[in-house]
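Please consult the sequence and the model below before reading on.

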Amino acid sequence: MNFLRYVDGSSVVHRANARTKVLALTALVFMLSFDPTWSSVAIIWTSILITFVLARLPIGVRPRPPKLLVWSIGLSLLLGLAAGGEPNVEVGGFMIGLDGLILELRFFSVTLGLLALSLLLGWTTAMADLPAAASWLLTPLRKLRLPVDDVVAGLTLGVRALPLMADELATTSTLWRLRPKNQRNVVVEMVDFAATATTSAVRRATELGETLANRGPVVPVTGRSSWSLADVVVA
């Protein structure tokens, strides 16, 4: 889904300071977490559409979810419809409750909205700017003598590892589909796939650990501190 992959551009969203975008994303996440109403969902998706247009992102960057995910969402919606509950509507002489379906729709609207916000942040923000933005956002915690630099280093490694994990998973999945189908036991095939993915993850983790050991101790993260008109537009 091109998760956290920077899309080069010169729009107002691309030029905005990473701190502004991270702060806006954090505020929207908190708003959805504490007040996940339909009004909040509408505000989130309106912000997503406006930001997408301002960023002048190509249509091809949009996610292409796998069919399994689409079928899973459809099954969840059917289960929510079967749960019933008020309000009720009459269809063909039968009363059908829509409460479960409405709850499922709101849940997926919130979840997909948060995912879309994360994708927009990754598409319009260079990876190198995210650690400095996270360090600035967590600055108040330094007064509590918390290891902010270590937390930022962990977040940075996690963010940088996501594209690697996606590439490894895509490679493993492709090789698994291309291998000869000598056995038809689905359980055995899934176990083989899980073992292969685990081996690949362990190899990547070992390489990353060796790189960190050779790099040395964690140093404070610094970055661009200037503000511009683009930050006001994004805010």
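At roughly what angle do the axes of H2 and helix H5 cross? The model is predicted, and in it the axes of H2 and helix H5 (residues 99-124) cross at roughly 175 degrees and come within 11 Å. An angle over 145 degrees counts as roughly antiparallel, and H2 is therefore roughly antiparallel to H5. On the H2 side, the residues in contact are Lys 21, Val 22, Leu 25, Leu 28, Val 29 and Leu 32. They meet Val 110, Leu 114, Leu 117, Ser 118, Leu 121 and Thr 124 in H5. Sorted by class, this contact has 9 nonpolar, 2 polar and 1 charged residues.

Helix H2 (residues 18-34) also packs with helix H6 (residues 130-137), at an angle of about 60 degrees and with the axes 8 Å apart. That angle makes H2 oblique to H6. The crossing of H2 and H6 is right-handed. Here H2 contributes Ala 18, Arg 19, Val 22, Leu 23 and Thr 26, which meet Leu 130, Ala 133, Trp 136 and Leu 137 in H6. The contact of H2 with H6 has 7 nonpolar, 1 polar and 1 charged residues.

Most residues other than glycine have a negative phi. Arg 56, although not a glycine, has a positive phi of about 50 degrees. Arg 145 likewise has a positive phi, near 60 degrees, and is a residue other than glycine. The table gives the location and accessibility of each.

| Residue | Loop between | Relative accessibility |
|---|---|---|
| Arg 56 | helix H3 (38-55) and helix H4 (67-83) | 58% |
| Arg 145 | H6 and helix H7 (148-178) | 77% |

Exposed means over 50% relative accessible area. Arg 56 therefore counts as exposed at 58%, and Arg 145 counts as exposed at 77%.

A further site of interest is Asn 88. Which strand holds Asn 88? Asn 88 lies in strand E1, which covers residues 88-91. With a relative accessible area of 41%, Asn 88 is partly exposed. Leaving aside residues up to four places away in sequence, Asn 88 touches Met 95, Ile 96 and Gly 97. Asn 88 and Asp 99 are 11 residues apart in sequence, and their C-alpha atoms are 8.1 Å apart in space.

How values were computed
Residues numbered from 1 in each chain as written. Predicted model: local features only at pLDDT ≥ 70, side-chain atom pairs only at ≥ 80, totals over all residues. Heavy atoms only, no water. Axes fitted to C-alpha atoms, helices over the stretch in contact; angles between N-to-C directions. Helix = DSSP H or I, 4+ residues; strand = E, 2+ residues; numbered from the N terminus. Parallel < 35°, antiparallel > 145°, perpendicular 65-115°, else oblique. Left-handed = near helix turned anticlockwise from the far one by under 90°. Contact = heavy atoms within 4.5 Å. Nonpolar A, V, L, I, M, F, W, Y, C, P; charged D, E, K, R; others polar. Buried < 20%, exposed > 50% of the residue type's maximum accessible area, 1.4 Å probe, protein only.
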